[in-house]
Amino acid sequence: MLANGATLGFKEKDGASFTDLPGLKEIPEIGVEPEKVDNTCLTDPHKTYEMGIGDLPEMTYKFRYDNTKPDSPYRVMRKAQESKKVLTFQDKAIDGTTIEYDAQVTVKRTGGGVNGAIEFDLTMIVQSDLKYTDPGVTPGA
């Protein structure tokens, strides 16, 4: 499946609906890699492991830079960063798979050069579990 058609929306933590952020150019890897915990006993013939807890990663989305309107994603997310507000995000793939999570954001405009597009990086500092909804499944069902 191609990444084409993927969207990222946000809402206030208790908001009713998501507002898509236009200009999305690149989506990050999403998931948690649990730590491998050594739990070997002195009588074991080889090392044994258990799955430990994982660390929720920082996830960075790339966007086309545009700061021409009050509702430009760059401006809206920069204000969310300044207020340290926790928002709810929905990463949606073209097949309908959604991943929702709460996060604080950081915003960084990238550099540029001759014929180089300026972008901005939107980095998520995840504050909740990742909630997956598969295509064709009603959320909460």
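The radius of gyration is taken over C-alpha atoms, and the globule rule is 2.2 Å times the number of residues to the power 0.38.

**View 1. Overall dimensions of the predicted chain.** This is a predicted model, in which local features need pLDDT of at least 70, side-chain atom pairs count only at pLDDT 80 or more, and totals for chains, interfaces and linings use all residues. Residues are numbered from 1 along each chain as its sequence is written, and side-chain values use heavy atoms, with hydrogens and water left out. The radius of gyration of the chain is 19 Å, whereas a compact globule of 141 residues would have one near 14 Å. Along the principal axes, the C-alpha atoms fill a box of roughly 65 × 45 × 35 Å.

**View 2. Secondary structure of the chain.** The chain holds ten strands and one helix (DSSP runs numbered from the N terminus: helices are H or I with at least four residues, strands E with at least two). Their order along the sequence is β-β-β-β-β-β-α-β-β-β-β.

**View 3. Burial in the chain.** Of the 141 residues, 30% are buried (buried is under 20% relative accessible area, exposed over 50%, partly exposed in between; 1.4 Å probe, protein chains only).

**View 4. Surroundings of tyrosine 49.** Tyrosine 49 lies in strand 5, which spans residues 49-54. With a relative accessible area of 40%, tyrosine 49 is partly exposed. Leaving aside residues up to four places away in sequence, tyrosine 49 touches Lys36, Val37, Asp38 and Asn39 (contact means heavy atoms within 4.5 Å). Valine 37 is twelve residues from tyrosine 49 in sequence, and their C-alpha atoms are 5.4 Å apart.
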